[in-house]
Amino acid sequence: MMTSVDTELMRVLGDPLRLRIMTLLARETLCTTHLVEETGAKQTNLSNHLRVLREAGVVETEPCGRFTYYKLRPDVIAALAGQFADLAESARTAAENKRACP
């Protein structure tokens, strides 16, 4: 049973704008222009966050003419959810285990 969560991925997902981007991409595949409109973020700032998400493997790109579309990778999110489920199960078991103080 896995009892730890991917800390690097959690760091990547810990940014509020990145979480907002992921929430938007969970609904539909969007290009940078759409994401700028939806978030109100500057294009350069948004591109930097998308790069971090892409490098972490959370989103993937799809070229379409002069635009690049981004989509969420559900397998990565499902794996992270599984890690949290394992952590919760471990916590349930741990509630029954109490280490004695010396």
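Arginine 92 is exposed, at 53% relative accessibility. Here exposed means over 50% relative accessible area, buried under 20%, and partly exposed in between (1.4 Å probe, protein chains only). The model is predicted: local features need pLDDT of at least 70, side-chain atom pairs count only at pLDDT 80 or more, and totals for chains, interfaces and linings use all residues. Residues are numbered from 1 along each chain as its sequence is written, and side-chain values use heavy atoms, with hydrogens and water left out.

Arginine 92 has a partner. Its side chain meets that of glutamate 89 in a salt bridge, 3.3 Å from N to O. A salt bridge is a side-chain nitrogen of Lys or Arg within 4 Å of a carboxyl oxygen of Asp or Glu. Both residues lie in helix H5 (residues 74-94), three residues apart, about one turn of the helix. Helices (H or I, at least four residues) and strands (E, at least two) are DSSP runs, numbered from the N terminus. Glutamate 89 is partly exposed, at 35%.

Helix H4 (residues 43-55) holds glutamate 55 and arginine 51, four residues apart, or about one helical turn. Their side chains form a salt bridge at 3.4 Å, N to O. Glutamate 55 is exposed at 61%, whereas arginine 51 is partly exposed at 34%.

Now to the strands. Glutamate 60 forms a salt bridge with lysine 71, with the closest N and O atoms 3.9 Å apart. Glutamate 60 sits in strand E2 (residues 59-64) and lysine 71 in strand E3 (residues 67-72), so the pair ties together parts 11 residues apart in sequence. Glu60, Glu62 and Lys71 are linked in a network of salt bridges. The structure holds six salt bridges.
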